[in-house]
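Take a look at the structure below. We will walk through it step by step, from strands to helices to single side chains.

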Amino acid sequence: MSIVEVKVPQFSESVSEGTLLEWNKQVGEAVSQDETLIEIETDKVIMEVPCPADGVLVEIIVQGGENVESEQLLAKIDTAAKATAAEPAAAAESAPAAAAAPAAAATKGDVASPAAAKILSEKGLDASAVSGTGKDGRVTKADAQAAQATAATAAPVQIGQALDGRPEQRVPMTRLRARVAERLLQSQQENAILTTFNEVNMKPVMDLRAKFKEQFEKEHGVRLGFMSFFIKAAVAALKKYPLLNASIDGNDIVYHGYFDIGIAVSSPRGLVVPILRNADQLSLAEIEKTIAEFGAKAREGRLSIEELTGGTFSISNGGVFGSMMSTPIINPPQSAILGVHATKERPVVENGEIVIRPMNYLALSYDHRLIDGRDAVLGLVAMKEALEEPARLLLDL
């Protein structure tokens, strides 16, 4: 017998523990090196635990649903038991059909991942009817969870508790949702948050984008969006008003000489904020490519802890959902956040005449303990000016 241990991966300093989800393999089943045995949900990401070697899973030490710490022992694999690995599979074939259903769904590896197949099977959903966002259209766990949520919304009486024809459903918060709630409440309680607003005429950016978007996509292999302009405008303002890029540490002010911009992204698990490192050194194309990668990883639950850690300033784009105006909440320990909203045609006055322009309301929330209204207002004006005259970004004005 040759035993190999399966342990929790090393967590980052910002993550203390996680929660095991359901095992994809059971004791006695054959396992292959690098296949996902189980996933761990932390308050930032869902981490996959790969199988360290070929063999047979001989012992599960920690069950699904339990909390675990970094490098904790989870299970044991016998690498010398390959010859007997077929026996549990044969026994499984004789098990009742109800018990075999998850395993049957999991064999559709070309359609759904093991974790996704298990979720779909338990809820009686057909993997082939779910739109996959993974590689080659494979259904990921996030896709399965989204399909489950859709099915729950469509038939709430079947999954909830019917009370005189008024259904209810009680489900526990995910670690991510609980952590988001905790941090937002902490931000409201510990920061002196104020918000200043301004409006920006998006016509110059829209004209520039319309003129070069086809050539840009052909040259760089990515669409030219609006977020790269907002990021560039924000960085330009942060350079002029460093307090917007600073943070409070005890009685000290920490001025950051780099620009790591958090980009709020909606995912099936909730809001996540991956970090665009050294945004001042990136081209528009590099920014757009990185944002596209963040979006894909968020949908598939593949964002790493490193990609979600840090940040000196954040941008939240509620406009993609149609928001006209909001007051974004600061992401501690940052001291400011920019809220971007939907661009709509509105009547405005230019040179004494009423004209129609595509306008966007910008909102800058800031910690008044560190940032005075002057810096906040002028910082937002600097962003407005950069967007209304994009040439400023090229001329460093």
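In which sense do S2 and strand S4 pair, and over how many bridges? S2 and S4 (residues 36-41) pair in the antiparallel sense, and two bridges hold the pairing. Find Thr-19 to see this: Thr-19 stands opposite Glu-41 in S4. Strand S2 (residues 17-20) also pairs with strand S7 (residues 67-69). That pairing is antiparallel too, over three bridges. Here Glu-17 has Glu-69 in S7 as its bridge partner. Strands of a sheet pair through backbone hydrogen bonds, either parallel or antiparallel.

Keep in mind that this is a predicted model. Now step back to the whole protein. There are eleven helices and 21 strands. The protein has 397 residues, and 41% of them count as buried. Next, consider contacts between residues at least 6 apart in sequence. Of these, 63% join residues at least 24 apart.

Back to the strands. Four of them form an open sheet in the order S1-S8-S6-S3, with antiparallel pairing. Which strands stand at the edges? They are strand S1 (3-7) and strand S3 (30-31). Each has a single partner strand, so one side of each is left without a neighbour in the sheet. Strand S6 (residues 55-60) and strand S8 (residues 73-78) are joined by four bridges and run antiparallel. Look at Glu-59: its bridge partner in S8 is Lys-76.

Strand S20 (residues 344-350) is joined to strand S21 (residues 353-367) by seven bridges. Pro-347 has Ile-356 as its bridge partner in S21. S20 and S21 form a hairpin, with two residues between them. In the turn, Asn-351 has a positive phi of about 55°.

Now pick out a single strand residue. Thr-196 is found in strand S11 (residues 193-201). Is Thr-196 buried or exposed? Thr-196 is buried, since its relative accessible area is 14% and the cut-off for buried is under 20%. What does Thr-196 touch, leaving aside its neighbours within four places in sequence? Thr-196 is in contact with Leu-362, Ala-363, Leu-364 and Tyr-366, and also with Ala-376, Val-377 and Leu-380.

Turn to the helices. Helix H8 (residues 227-240) has 14 residues. At 1.5 Å a residue, H8 should span 20 Å. Its end C-alpha atoms are 20 Å apart, which agrees. How many residues of H8 are buried? Ten of the 14 are, so H8 is largely enclosed by the rest of the structure. Among the buried residues of H8 are Met-227, Phe-229, Phe-230, Ile-231, Val-235 and Leu-238. Side chains of opposite charge can pair when their charged atoms come close. How many salt bridges does a search of the whole structure find? The search finds ten.

One of them joins Lys-203 to Asp-207, with the closest N and O atoms 2.8 Å apart. Both residues belong to helix H7 (residues 203-220). They are four residues apart, so about one helical turn separates them. An α-helix has 3.6 residues a turn, so residues three or four places apart point the same way. Lys-203 is partly exposed, at 34% relative accessibility. Asp-207 is partly exposed as well, with a relative accessible area of 40%.

Glu-300 and Arg-302 form another salt bridge, and their closest N and O atoms are 2.4 Å apart. Glu-300 counts as buried, at 18% relative accessibility. Arg-302 is partly exposed, at 44%.

Asp-375 pairs with Arg-374 in a salt bridge, where the closest N and O atoms are 3.4 Å apart. Asp-375 counts as buried, at 16% relative accessibility. Arg-374, by contrast, is exposed, with a relative accessible area of 58%.

Finish with the rings. How many aromatic pairs does a search of the whole structure find? The search finds zero. A ring can still have a charge over it: Arg-209 lies over the face of Phe-226, at 4.7 Å from the ring centre.

Technical notes
Residues are numbered from 1 along each chain as its sequence is written. This is a predicted model: local features need pLDDT of at least 70, side-chain atom pairs count only at pLDDT 80 or more; totals for chains, interfaces and linings use all residues. Side-chain values use heavy atoms; hydrogens and water are left out. Two strands pair if DSSP finds at least two bridges between them. A salt bridge is a side-chain nitrogen of Lys or Arg within 4 Å of a carboxyl oxygen of Asp or Glu. Buried means under 20% relative accessible area, exposed over 50%, partly exposed in between (1.4 Å probe, protein chains only). Rings of Phe, Tyr and Trp (its six-membered ring) pair if their centres lie within 6.5 Å; planes under 30 degrees apart count as stacked, over 60 as edge-to-face and the rest as tilted. A charge sits over a ring if NZ of Lys or CZ of Arg is within 6 Å of the ring centre and within 35 degrees of the ring normal. The expected span of a helix is 1.5 Å times one less than its number of residues. Contact means heavy atoms within 4.5 Å.
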